[in-house]
Amino acid sequence: MSVSVQSEETEIGTGTGTKLSPGVRRFGLVLTGAVGGALVALCAVTTPFVAPALRKVCLPFVPGTTAQVIAAAKEGYRAVGFELNPWLVFYSRYRAWREGVHHQTSFHISDLWKVSFAQFSNVVIFGVPQMMEQLEAKLQSELQTSAKVVACRFPFPTWTPDHVAGEGIDTVWVYDAKTFKPQVTTKKLQDHSEDSRTIH
C-alpha cells in the first residue's frame, strides 16, 4: 500500500474545486487593486483634458510656452488666471511659486465665459480659433476703453492689432481697446445727443 501526501499550498491548477495558495490569492488582490487604482487615477487626470471636447464649443488645450508663462507677474503686474482644468490651475500655482511670483498671482478654476473682464486693464488670452470671435464680442462689450488685450498663438478675427511681436507659436498680437471700442462709444454718444435734442 502506498500513501501519497500533498500540501494544500501546492494544489494549484485550472480545474474546478482547486484551491489557490494564500500567496497567489494575495498577489491577485494586490494586482486587482493596483489596476483599479491606476484606472481611477488615469480617469482623474485625463477627464479635465477630455471634458472640454464634450462642450457645445469644443476648445482643445493649447499650452503656453516657457517664454509666455508667468511673464506678466515677473514684470511687476498683478496677474489673475482663469482655467476650467484644475490640474492646469494647480500647475500654474506651482510655477508661480517656483518662479517666486506667487504673491503677485492668483489662479482660479473658472469658466472664461462666466468671468467679467470689466475690472481688468490688461487681458492676455491663450485662445484657439474656435473661440476668438465670441471672445472678441465679450471683451468689446466688457472692457474699458483704456484696456489692452494681448492674444497669444491666434489673433482676433476682426480687430486690427496695434503691435505684433514674436514668431511661430510665440507670436502675440497687442490690441488697444480704443481701436475696437469706438463703435460702441460712438453709438452711445449719438443716442445721447438724439435724446437731448428731443427733450429741448
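This is a predicted model: local features need pLDDT of at least 70, side-chain atom pairs count only at pLDDT 80 or more; totals for chains, interfaces and linings use all residues.
Local features were taken at pLDDT of at least 70 and side-chain atom pairs only at pLDDT 80 or more, while totals for chains, interfaces and linings use all residues. Residues are numbered from 1 along each chain as its sequence is written, and side-chain values use heavy atoms, with hydrogens and water left out.

A search of the whole structure finds four salt bridges (a side-chain nitrogen of Lys or Arg within 4 Å of a carboxyl oxygen of Asp or Glu). One of them joins Glu 99 and Lys 74, at 2.7 Å from N to O. Glu 99 lies in the loop between α3 (86-98) and β2 (105-109), and Lys 74 in helix α2 (residues 71-74), so this pair ties together parts that are 25 residues apart in sequence. Helices (H or I, at least four residues) and strands (E, at least two) are DSSP runs, numbered from the N terminus. Glu 99 is partly exposed, at 27% relative accessible area (buried is under 20%, exposed over 50%, partly exposed in between; 1.4 Å probe, protein chains only). Lys 74, Arg 95 and Glu 99 are linked in a network of salt bridges.

A further salt bridge pairs Lys 138 with Glu 142 at 2.9 Å, N to O. Both residues lie in helix α4 (residues 129-142), four residues apart, or about one turn of the helix. Lys 138 is buried, with 10% relative accessibility.

Asp 176 and Lys 148 also form a salt bridge (3.0 Å, N to O). Asp 176 belongs to strand β6 (residues 172-176) and Lys 148 to strand β4 (residues 148-152), so the pair ties together parts 28 residues apart in sequence. Asp 176 is buried at 12% relative accessible area, whereas Lys 148 is partly exposed at 34%.
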